[in-house]
Amino acid sequence: MMASQSKATKNAIDDYLAPATLSDALGALEDGEATILAGGTDLMVQTQSGRVGYKQRLVNIRRIDELRGISEHGGRICIGALVTITELLNNTLVAEKVPVLAAMADKFASNQIRNVATVGGNICNASPAGDSIPPFLVLDADVELACLRDGKAATRSVPITEFFTGPGRTVRASNELVTGISFAVPQAGFIARFIKSGPRPALEISAVSMALGGVVENDVFRSVSLSFGSVAPTAMRARKAETFLTGKKLDDETIRAAVETALEEVSPIDDVRASIWYRRHLVGVYLRRLVADVVQG
Amino acid sequence: MTSIAKKSVIGGRFPKPDSPDKAVGRTRFINDLELPRMLYGKILHTDRPHALIKSVNTERAKTLAGVHAVLTGDDFPEVKFGINRDNTPLKKGKVRCIRDEIAAVAAETEEICNAALDLITVEYEDLPGVFDPIEAMLADAPLVHEDRPGNLSLAYKFDHGDIASAERQSDVIMDHVFNVHYVTHCCMGTSSVIADFDTDGKLTIYTQTQYPYNYKMDLAPALGIHPGDVRVIQPPVGGAFGSKLDVYPFEPICVLLAKATRRPVKLTFSREEEFINAPTRQPARIHLRMGAKADGTITFRDVDCILNNGAYTSWGPTTPYVMMRTFSSLYRVPVVRFRSQAVYTNNPYAGSFRGYGNVQATYAAAIQADMMAEALGMNVLDFSLKNAQKSGEVSPQGSRLEDCVFTECLAIAAEKSDFVAKQNRYQAERNRPGRIKRGIGLASSIHNAGGAKIHKSDGCGSILKLDDYARATLITGASEIGQGIDAVICQVLSEELGIPMSDITIVNNDSAIAPWDVGVHASRTTFIAGNSARRAAIKAREQILRAASKQANVPQEALDLREGWVVQDDNGETVIKLDKLLRQMHFKEDPELVMTTDYYEPPSEPETENHVGDMSAAYSHAVHVAEVEVDTETGEVKVVKVTSAQDVGRIINEMGIEAQIEGGIAMGIGYALSENLQIVDGLVRNPSFRDYKVMTAPEVPEMELHFVESHSKTGPLGAKGIAELPTIVIAPAIANAVHNAIGIRFLDPPLTPEKVARAIWERDISVAAE
Amino acid sequence: MSCKVEIKFTLNGRPEKAIVPVDLNLLAMLRDMFDLKGAKYACGEGECGACTVIVDKLSVNSCLTFAVDCDGREVRTVEGLRATDKLHPMQRAFVDHGAIQCGFCMPGMIMQATHLSDTSPGLTRDGLKRGLEGNVCRCTGYTKVLDAVSDAMNTEGVDQ
């Protein structure tokens, strides 16, 4: 068989903009020919390795203050796209209302990366192993997008469950910017937990990650939400297992059956980090562990 | 007159003298160096493991602006180099593994080099590959080298005594196959070299090599130049660990680029290139049998090793040379049979790596010792004590164990870790509910600690001079690769010359200046270079005291050197300041300058053809006890504590010994648990730190280190070499601890979470089925 | 070739200017344009920390940082850590504890340790280990590094 060896060349950037306002940023994105730079920790690796090419314009959104901050209004918490993982880890509102996000942040990469990597970037990168995604899935978060339409800013909210279309792919249009992520303040009694495979405490691309949320009353589980990372082409909600668990008393038999249900929903692959067998095994281990954690409060 | 008491710096705690420069970012590693008018080089490596090269088109690359040379194998007559003379710098005709070098570019920047590489097209005809050494031995296997029938590379054998009769005397015989894996050095500084020719055609090469003198001999044939015309400069390196004990193709390729362009050329690997193209530790299939009597006495070891040679031969396939020492001398082994065969495949190839075969051999031997003890109903400590050699014993291969403190190491490691009680307790707790199981494991090891006479000489040369201000310069052949020979030599000189360590300069990075040394390997540098430096210092000391004796009219034996003074030995009273004396010696009618030289050859012997000989001037033991927690659900193994007892001969620099042992343990934990270069069908699947997991700070356990001082009669001030044992012995200690925790043996490291979880799951399934 | 942009920033306390290709990383800019070779390339993807520098009081992997984004920011490298002839207390501690062997990872390790010391003074030893999890060292086994950082963090106020 004849075969030849040659490599693709990298794309060059013709234009660079670092807008200070959201509206300027949207203008810079309007023609859809821009690569967006936020923290850059994924972008630099992907472009240097040639896996991702630049578009003709690089738009650095890090100067836009409107995209920063974590706030609560009208029963919703909004996290700006530029909030870093370190900020998530140290934020008092997060600690009080959604500690699962802080727990996730603690498992995220390394201190240096947490210092610059952003929530928006982690979501837009759309890795099936993206650490922040399973917790946001469990929180039923909406991804907030903005673009220019007829010269005016237009926004839309996409449920995060509908945001991802494949590994590295999302419904974000090329002229759109993710401005933040928002979710309803969890109801009283809501408990959520996050777990990710080790053995390192962080700095791992997870072989399996998982988040589980819900309310336990009189041993019965309700408002159950369950999500997985790294076991399907995108991070995913495990709806069948959720339905199965909802309203159930959390005894061993229920949990065993819930694991079986969850395993029907996942479609893990064999890769350099783990086999299908191990990923399926960890789904069971982690689901049992998270349920036990949630029950204990 | 004042009095100066005798003080010793031996056994103290001294930072490496080069560490302040390293702390402030002042040190220029080779990766940081630039020469005037320097060009950059890059290599086009193949992307397939076995294929005929039909054509290489470099035309477009040659015309790219900024490109100065594009070379392929067709530009040179084929010259073979390497241990088996089976490698060439740039490949012609066919590629045999994905390390293979197709073309090389020199250009004004690395970016231009990369762009030029992208413009080179290669046409191949793929050939069936062979990746498993056992398959490669089959009659119909593809040949990696047409002139190597059966794909056979190197074979070793050793026989001592009669196995059949030893088997008959055995009450228990253990028989297991161990498969040890690919790992790689992961030096933080990636491979880098700078080549520069002068107008006379003499080469100056800036390299990371750990063996500057024989390096010339190995490099020159690949270039068709005389070894004498090569000057080796060794800038500071970002780690070596054995990876730089051979010449690899990127080095002659860089030289060829410099020759073609008549400009200095620097060639540096990216991390991905480093993972794919730098050497690995030698993987091995080790079929190990060991017999023992009911009382625990070992009767024999019988070993068959098959090594995956990869496509070319570096030091990896010679590691059986050390493996057989382990199998014949780890414990008293009366009868030994050893066979090994290295078989060519289309895999990347292995070099030398800290421990050099002993890591692999001890993994098998120390686990099987634990299994044997279990089978005999003995504690492994008692089994080990029963078979531990004593001073004066000679191993079947002729290792003379003088100053042997194996028993003491065993006793200390076991006592300090509370090994026996904990092992019993954890075994009893194994079947109790709970997902975390604790375990404790012990492993023993032996290694050469006074060099290894594998070359015609195992020596090291030193040149010492003292100036008019009593500052000393020691020019040594010994290379500094981060291990800390600089501090040790300063201490030894300070001790003999009575001058502060800060008044000593070490020069050791230029082959045109420093005298010969065989290289940094085999835990030899403190021992050999330390002895040589000390002997040079003693000569200088005698010259100084002779002059002082004459001048002060005091017998030479009654004088000593302390804190920059000549003093009376008995009461410390000062006689003359040393710098003043040196000036007086220098500026007199028959002037004398204090300059001494020494070439130290250790009292070791090369092996005979039958592999018998006392090849090291000293041997030492280390015993490690590892305590682990196993998560029986995820399979994660956490090393909680390591207790180490090691024969160090005598402590010279306590801080340096600790640093070597701590680092060696961390590297060995990686070998045991996480590091695994995944090579599938000849391709490296995980060429990044993201998927090749070295130990990080949170994973490293508490380490309790005990140094046992055996006071080697031949070592400098009694010291022995220490740096390899910690990496050699920790992995089997961990595997034995995991067995203690969960009752499962792992004969195939690393013990990754998945492997451990799978083994527990399979065990539970089979238990459930019964 | 990507387009170039002029940036102005503070480098080790001094105002600087540079014209950089917009896809250039900070590590390459520091090493190639400012001859600051302290920060090292060792992986190029944020997995080893050898390139760690401090930008606007936060430690970052300079290999992952766009140089162009440093416009208007303060960049501090290992070369700028000490203000006098004396070593910075963190550097001193690394030397005194024998934490430096080959030393290649140490500029990054020391910058990360300095960042932890500046931002999280009360860290426990376990917290320190976590804080250094992004810095790979192949020589030391981290024990002496942790000893050095613990020491520097407890005594820094006293030394200065």
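## Strand pairing in chain B

In chain B, strand β20, which spans residues 472-476, pairs with β21(B) in the parallel sense, and the pairing extends over four bridges. Within this region, B:L474 is placed opposite B:I506 of β21(B). The structure is a predicted model.

Both strands belong to an open sheet of four strands in chain B, whose order is β21-β20-β19-β25 and whose pairing is mixed. The edges are formed by β21 (504-507) and β25 (595-600) of chain B; each has a single partner strand, so one side of each is left without a neighbour in the sheet. On average, neighbouring strands of this sheet are turned by 15° against each other, direction ignored.

## A helix on the sheet

Helix α14 of chain B, residues 485-497, packs on this sheet. The strands of chain B that helix α14 touches are β19 (460-466), β20 and β21. The direction of the helix makes an angle of about 135° with that of β21(B).

## Domains of chain B and their contact

Chain B is divided into two domains: domain 1 comprises 19-26 + 453-600, and domain 2 comprises 33-127 + 190-237 + 244-277. Taken over C-alpha atoms, the centres of domain 1 and domain 2 of chain B are separated by 40 Å. To the contact, domain 1 of chain B contributes 17 residues and domain 2 of chain B contributes 13 residues.

The size of an interface is often expressed as the accessible area lost when the parts come together. For domain 1 and domain 2 of chain B, the area buried between them is about 1300 Å², with 48% of it on carbon and sulfur atoms. On the side of domain 1 of chain B, the residues that lose the most area to domain 2 of chain B are B:I481, B:N509 and B:S511, which together account for 37% of what that side buries.

## Polar and charged pairs

Between domain 1 and domain 2 of chain B, the count is one salt bridge. A salt bridge is formed by B:D510 with B:R231, where the closest N and O atoms are 2.5 Å apart. Across the interface of domain 1 and domain 2 of chain B, seven residue pairs are found in polar contact, with both residues at pLDDT 80 or more.

## Domains of chain A

Chain A is divided into domain 1 (15-60), domain 2 (65-184) and domain 3 (190-296). For domain 1 and domain 3 of chain A, the C-alpha centres lie 35 Å apart.

Notes
Residues numbered from 1 in each chain as written. Chains lettered and ligands numbered in written order. Predicted model: local features only at pLDDT ≥ 70, side-chain atom pairs only at ≥ 80, totals over all residues. Heavy atoms only, no water. Pairing = 2+ DSSP bridges. Helix = DSSP H or I, 4+ residues; strand = E, 2+ residues; numbered from the N terminus. Axes fitted to C-alpha atoms, helices over the stretch in contact; angles between N-to-C directions. Contact = heavy atoms within 4.5 Å. Domains from an automatic or database assignment. Buried area = accessible area lost by both parts, 1.4 Å probe. Salt bridge = Lys/Arg side-chain N within 4 Å of Asp/Glu carboxyl O. Polar contact = N/O pair within 3.5 Å; in protein donor to acceptor, adjacent residues only side chain to side chain.
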